[in-house]
Amino acid sequence: MDLKRLNHLVVLADERNFGRAAERAHLSQSAFSRSVQAAESELGLQLFDRGNLEVSCTAAGAFVIERARKLLFDSRCLARDVDLYRQSLIGDLAFGMGPFPAHTLLPTLLVELRQKYPGVGVRVQVNHWNYLAQNLRREELDFFVADTRDLPLGPDLAVTPLARQHGGFYVRAGHPLLARAKVQARDMVPFGLATVRLPEALLGSIRRLLGLEAQAPLPFALECEDVGTLKSVALATDTVLASTHASVHAEVTAGLLVPVTLDGAPALYAETGLVALRGRSHSPMAQYVLGRLTALTEQMAGLGIEAPVSMRPRAENKK
């Protein structure tokens, strides 16, 4: 069976309607219907139940469609690899970044790429992992870098752990909290917290830190995927910023932001990982960027601000 006909089967399974599927395949409905019927005849199986309003896969159809998707994906990968090989290109690139990696890694990486490879087109999406995973599965991205703790590990995704990025809470210089001899976590609540969309594990840690019950709403005054905007708000108001150390390193070094020393706080961190489609080959440019991202993440982990003694994990007593 040719790949075009397999694609028609997959499109019909996705759209569940002959009219919509034919439009997506750029065929008349009669031509599309004949293609599906020919596939069923060739396989000797009924692949679809045809209702009045909606089409659904039979058990045989679900079996065939699952394997057809894999064949079509492999075919696209082959065509892409052959094209890269034939042209001897390093290739254009599209990838995604979570908010904190984007703020700390992207500026250095993109300057380097523009200086070394000015002829290469780069498209970057900055968003939370869920949005990036959807676009990766649509093959709109080559890979993405983000906190992977909430990412469902399906057989289609390959995750490579990167250096863990530690973080904490920060306020502007002169903030009322800094005048206190000892700051409890709940003391931050009246000022409101500002951060990016956080994974559930980290939300749970913050709830426990604040003495809240599981699933209780958190006192987030501002949730935004733009770390630069979050910092601007924290610098201009009494809002408390929750951030990775590397993301605020410059402001802390300049004395503009100050880490909040909390009594008995757990270690807070971003579990950064590099996510790609399993089995997907990468262009030479993508391989280069992947290597640079790994190295830059290691550098940023070492650049992090040392946590106050009260925020470090307690050492076990040695006998």
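Reader: Is Gln-215 buried or exposed?
Author: In this predicted model, Gln-215 has a relative accessibility of 64%.

Reader: What is phi of Arg-16 near?
Author: Arg-16 lies in a loop, with helix H1 (3-15) on one side and helix H2 (18-24) on the other. Its relative accessible area is 32%, so Arg-16 is partly exposed. Arg-16 is a residue other than glycine with a positive phi, near 60°.

Reader: Which class of accessibility does Thr-239 fall in, buried or exposed?
Author: Thr-239 is found in the loop between helix H8 (227-236) and strand E10 (240-244). Its relative accessible area is 11%. Buried means under 20%, so Thr-239 is buried.

Reader: Which residue has a side chain joined to that of Thr-239 by a polar contact?
Author: Not counting residues up to four places away in sequence, Thr-239 touches several residues, among them Tyr-170, Phe-191, Leu-193 and Val-233. The polar contact between side chains has a length of 2.8 Å. The partner of Thr-239 in that contact is Thr-237.

Reader: Which residue makes a side-chain polar contact with Gln-125?
Author: Gln-125 is found in strand E4 (residues 122-126). At 14% relative accessibility it counts as buried. Leaving out residues up to four places away in sequence, Gln-125 touches residues including Phe-95, Met-97, Tyr-131, Asn-135 and Glu-140. A polar contact of 2.7 Å joins the side chain of Gln-125 to that of Asn-135.

Reader: What is the relative accessibility of Leu-274?
Author: Leu-274 has its place in strand E13 (residues 272-277). Beyond four places away in sequence, Leu-274 touches residues including Phe-143, Val-145, Ala-158, Leu-162 and Leu-290. Leu-274 counts as buried because its relative accessibility is 8%.

Reader: How many residues apart in sequence are Leu-274 and Glu-15?
Author: In space, the distance between Leu-274 and Glu-15 is 31 Å, C-alpha to C-alpha. In sequence, their separation in residues is 259.

Reader: What radius of gyration does the protein have?
Author: The C-alpha trace spans about 80 × 50 × 50 Å along its principal axes. A compact globule of 319 residues would have a radius of gyration near 20 Å. The protein instead has 25 Å.

Reader: What share of the contacts between residues at least 6 apart in sequence join residues at least 24 apart?
Author: The protein contains 10 helices and 13 strands. Of its 319 residues, 44% are buried. Among contacts between residues at least 6 apart, the share that joins residues at least 24 apart is 72%.

Reader: How much of the accessible surface belongs to carbon and sulfur atoms?
Author: The accessible surface of the protein comes to about 16,700 Å². The part of this surface that belongs to carbon and sulfur atoms is 53%.

Reader: How far apart are the mean positions of the positive and negative charges?
Author: The protein has 35 positive and 33 negative charges. The distance between the mean positions of these two sets is 2 Å.

Notes
Residues are numbered from 1 along each chain as its sequence is written. This is a predicted model: local features need pLDDT of at least 70, side-chain atom pairs count only at pLDDT 80 or more; totals for chains, interfaces and linings use all residues. Side-chain values use heavy atoms; hydrogens and water are left out. Helices (H or I, at least four residues) and strands (E, at least two) are DSSP runs, numbered from the N terminus. The radius of gyration is taken over C-alpha atoms; the globule rule is 2.2 Å times the number of residues to the power 0.38. Buried means under 20% relative accessible area, exposed over 50%, partly exposed in between (1.4 Å probe, protein chains only). Contact means heavy atoms within 4.5 Å. Accessible areas come from the Shrake-Rupley method with a 1.4 Å probe; for residues, only the protein chains shown count as cover. Lys and Arg count as positive and Asp and Glu as negative; His and the chain ends are not counted. The place of a charge is taken as NZ of Lys, CZ of Arg, CG of Asp or CD of Glu. A polar contact is a pair of N or O atoms within 3.5 Å; within protein, one must be able to donate a hydrogen and the other to accept it, and residues adjacent in sequence count only if both atoms are side-chain atoms.
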